[in-house]
Amino acid sequence: MSSTGADGAYFAVLPILMPALPSFPHSAVHEIRVRRNAPKIPSANDSRSLFLKNIPTDSTEPHFRAVFTSLVGAGRFETIIFEDDSESALSIDPAQAMKVQQLARKRKMADVEAEERSRQEQEAQLLPMWTRKLHSSSGTAVVLLADEKSVHSVLRAIAKVQKNKKFPVWGENLADEVPSLGSEWIATHLQLSRLDKAATQKAVHAFFNVFNQKEKEAAELAKRLRNEPDEDGFVTVTRGGRAAPASRNEAEEAKQRMIDKADKKKSELKHFYRFQLREERKKEQAALLRRFQEDVKKVDAMREKRGKFKPET
């Protein structure tokens, strides 16, 4: 059994048997769509990864590890990346963050400083309050396998499962590290919500240290941009105005670049419009016709001056 997605991509259907629960004492079959991973921006691991669609909301890495182990055996599954998994980023503004990253690359920050910044950002994160995360309905994920051969094995195993109807059981052969859901999950969440005051204060201080450092780097970048004319001779104007006037030489060089650019633009736009080309061609044709008529008159005048030619007999 297979299906076609909204984008026309071919999906193989992996049926998963969902066991009965106390809240719903009936088993059900959940269908996961599987195809080769083909993202818009290719990467080196695309050939050994699979794209999953319509994953269960209670999915975890051990769940899929058990499912793929039942399909192709152990050792083929490496990891899974869920669509809604995202690390909390500490940033002031996306545009400022990009400029700060460019400035950091130009400065060639040492590895020690990079490790220190990573450690500070780790400390700025609050402790998780949920022992297990639920995903959005009809979510997607990318599974990374050991090699490209494993991808072929998984797709063949899915086709085999559809024929023999021996569906993998969801939650079977799970490791003990997967926390259970239900009332116990909610009770643990309520307990973790009461964070330790000292740990919370430490995380808040670390967050503002990272935030202030990013603001400082953004201010340094803005100051540098205010004092450096770009390739067109313009100086970036930001909040607070210029920190200091440009030197006389810089101003003269910027002015000369603007004049050169204007001359170049004027020459490029000389025949930019179609009617200008037509007018130019008409003028050239009229000039050629006028010169031709003048040459004809000159030839006629020379003939009249010489008279008629009479050959001797």
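Among the contacts in the protein with a separation of 6 or more, 67% join residues 24 or more positions apart, a contact being heavy atoms within 4.5 Å. This is a predicted model, in which local features need pLDDT of at least 70 and side-chain atom pairs count only at pLDDT 80 or more, whereas totals for chains, interfaces and linings use all residues. Residues are numbered from 1 along each chain as its sequence is written, and side-chain values use heavy atoms, with hydrogens and water left out.

The protein has eight helices and six strands, these being DSSP runs numbered from the N terminus (helices H or I, at least four residues; strands E, at least two). Along the sequence they follow the pattern β-β-β-β-α-β-α-α-β-α-α-α-α-α. Of the 313 residues, 24% are buried, where buried means under 20% relative accessible area, exposed over 50% and partly exposed in between (1.4 Å probe, protein chains only).

Helix H1 (residues 61–72) and helix H4 (residues 148–164) have axes that come within 9 Å and cross at roughly 80 degrees. Axes are lines fitted to C-alpha atoms, for helices over the stretch in contact, and angles run from 0 to 180 degrees between N-to-C directions. H1 and H4 are therefore roughly perpendicular to each other, the class for angles of 65 to 115 degrees. The residues in this contact are as follows.

| Helix | Residues in the contact |
|---|---|
| H1 | Phe68, Leu71, Val72 |
| H4 | Ser153, Val154, Ala157, Ile158, Val161 |

By class, this contact of H1 with H4 has seven nonpolar, one polar and no charged residues; Ala, Val, Leu, Ile, Met, Phe, Trp, Tyr, Cys and Pro count as nonpolar, Asp, Glu, Lys and Arg as charged, and the others, Gly among them, as polar.

The protein has two cavities of 30 Å³ or more, a cavity being a set of points on a 1 Å grid over the protein atoms alone where a 1.4 Å probe fits but cannot get out, with lining residues having an atom within 4 Å of a point. The second largest cavity has a volume of about 30 Å³, a volume being the space filled by probe spheres set on the points, which are joined across faces, edges and corners. Arg117, Gln120, Glu121, Val210, Gln213 and Lys214 line the second largest cavity, and helix H3 (111–123) and helix H6 (197–226) each supply at least two residues of that lining. By class, the lining has one nonpolar, two polar and three charged residues.

Helix H6 also holds His205, which is partly exposed, with a relative accessible area of 46%. His205 and Glu123 are 82 residues apart in sequence and 9.1 Å apart in space, C-alpha to C-alpha.

Technical notes:
Angles under 35 degrees count as roughly parallel, over 145 as roughly antiparallel, 65 to 115 as roughly perpendicular and the rest as oblique. On a 1 Å grid over the protein atoms alone, a cavity is a set of points where a 1.4 Å probe fits but cannot get out, and a pocket is an open set with protein on both sides within 12 Å along at least five of seven lines; lining residues have an atom within 4 Å of a point.
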